[in-house]
Amino acid sequence: MTLDRFAPAIFVFLWSTGWIIAKYASLHSEPFSFLVIRYALSAVVFCAISLAIRAKWPKGALAWRAIYSGIFLHGFYLGGVWWAVAHGVPAGISGIIAAMQPLLTALAANAIIGERLRSSQTAGLALGFVGIALAISPKLMQPGTSDLLHAGIPLAVNLAAMFAVTFGTIYQKKHLQNGDLTAIATLQYLGALGLTAPFALVFETFRFDGTLETYAALAWSVFGISVGGIALLLYLIRRGQVSRAASLIYLCPPTVAIQALVAFGEPLTPLLIVGTMIVAVGVYLTNRKARLVAKA
C-alpha cells in the first residue's frame, strides 16, 4: 500500500517537530497548561472525525483500555518529558533517554507479547542507539551538563516518561488491535487530559499569553503532531511489529537537528552527520522485511 510505504517518513517528520514546538511553547506557556489545551482540542478534533466517518465507538472493556493506554502514551510521556526539560534536564540528555525506548520496547515486546526479533533487527536496534549517542555527544560536553547531578528528580521523571510510553506502545499492540483508530484516539486523549489537568491546576497558573507564536505552536501540536503523528503511530503499530514502529524514534533527534538548523540556525556537527548515517542503517535493518526462502 502507498500509505505503508510513506507513513514511516511522514511520521518521523511530524513527530520530530514536537521538540521544535516545545521550544517555542515553553516561552509562552507552562508545560502542563499547554498540554491540557492540546489534549482537549485533539480529543475534539478526533471526535469530530469519528462522527463524520460514522466510526464505531469502543464499548465496555475496549473503551476503558483506550483511555488507559492514552494515560501512558500521552499523559505520562509528554507530561513527564516537558516537565523534566522545563526543570533542568538538558535536551541532549533527554534525547538519549528517548533513544532508549526502541531497545526497551523490543525487549519488553519479546517478554510480554512474544514478539521475536531477527538477528538483523537486534543489530539494527543496537546500531540505532549507538548512532544517537554519537550524534548528540557534543551536547553532553556543553556547559551546564554537570548540573544534571543536582537534578535527580527531573531526570527520574524523564526516565519514567520513557518507560511509560514503552508500556503504552506495547499495551496498544496487545489490547487495541481492533476498533476504529479515530475513536480510540479520542478516548486516549481524554485519558491523557484526565491525568494532566489536575497537575496543571495544582502546580501551575495556566499561563498562556495568547501570542501568534503560541497559537501557531498549539495549532501544529494539535493537527500536525497529535492528530497526524499519533494517527500514523497507531496505524504503524497495528500494521506491523511494535519494535519496528518504535525504532523510528531513533530518526527523530537527527531530524530535529536539521529542523533546528533551519528554524534557529543551530549548526550541524560532524558527529551528528556520522551518527545520523549510522541511525539510518540501524532503522533500515530493523524495518527490513525478511526474505522468503522458497521451499524445494
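## A helix pair and its surroundings

Helix α2 passes helix α9 in a right-handed crossing. This is seen in a predicted model. Helix α2 covers residues 31-52, and helix α9 covers residues 212-239. Their axes come within 9 Å of each other. The crossing angle is roughly 50°. An angle under 35 degrees would count as roughly parallel, and one from 65 to 115 as roughly perpendicular. The two helices α2 and α9 are therefore oblique to each other.

**The whole chain**

How many helices and strands does the protein chain have? The count is 12 helices and 0 strands. Read from the N terminus, the elements run α-α-α-α-α-α-α-α-α-α-α-α. The protein chain holds 296 residues, and 48% of them are buried.

| Residue | Location | Relative accessible area |
|---|---|---|
| G131 | helix α6 (residues 119-140) | 0% |
| F206 | loop between α8 and α9 | 36% |
| L201 | helix α8 (residues 181-203) | 61% |
| R54 | loop between α2 and α3 | 77% |

Buried means under 20%, and exposed means over 50%. G131 has 0%, so G131 is buried. F206, at 36%, is partly exposed. L201 counts as exposed because its value is 61%. R54, at 77%, counts as exposed too.

**A contact across the sequence**

G131 sits in helix α6. Which residue lies 145 residues away from G131 in sequence but 6.2 Å away in space? That residue is T276, and the distance runs from C-alpha to C-alpha.

**Two loop residues with positive phi**

Most residues other than glycine have a negative phi. R54 has a positive phi, near 55°, and is not a glycine. R54 belongs to the loop between α2 and α3. Helix α3 covers residues 61-86. F206 is not a glycine either, yet its phi is positive at about 55°. F206 belongs to the loop between α8 and α9.

**A nonpolar patch**

F206 is also part of a patch on the surface. Another member, F206, lies in the loop between α8 and α9.

Note on methods:
Residues numbered from 1 in each chain as written. Predicted model: local features only at pLDDT ≥ 70, side-chain atom pairs only at ≥ 80, totals over all residues. Heavy atoms only, no water. Patch = residues over 30% accessible without salt bridge, like charges linked within 9 Å, V, L, I, M, F, W, Y side chains within 5 Å. Areas by Shrake-Rupley, 256 points an atom, 1.4 Å probe, with all protein chains shown as cover. Salt bridge = Lys/Arg side-chain N within 4 Å of Asp/Glu carboxyl O. Helix = DSSP H or I, 4+ residues; strand = E, 2+ residues; numbered from the N terminus. Buried < 20%, exposed > 50% of the residue type's maximum accessible area, 1.4 Å probe, protein only. Axes fitted to C-alpha atoms, helices over the stretch in contact; angles between N-to-C directions. Parallel < 35°, antiparallel > 145°, perpendicular 65-115°, else oblique. Left-handed = near helix turned anticlockwise from the far one by under 90°.
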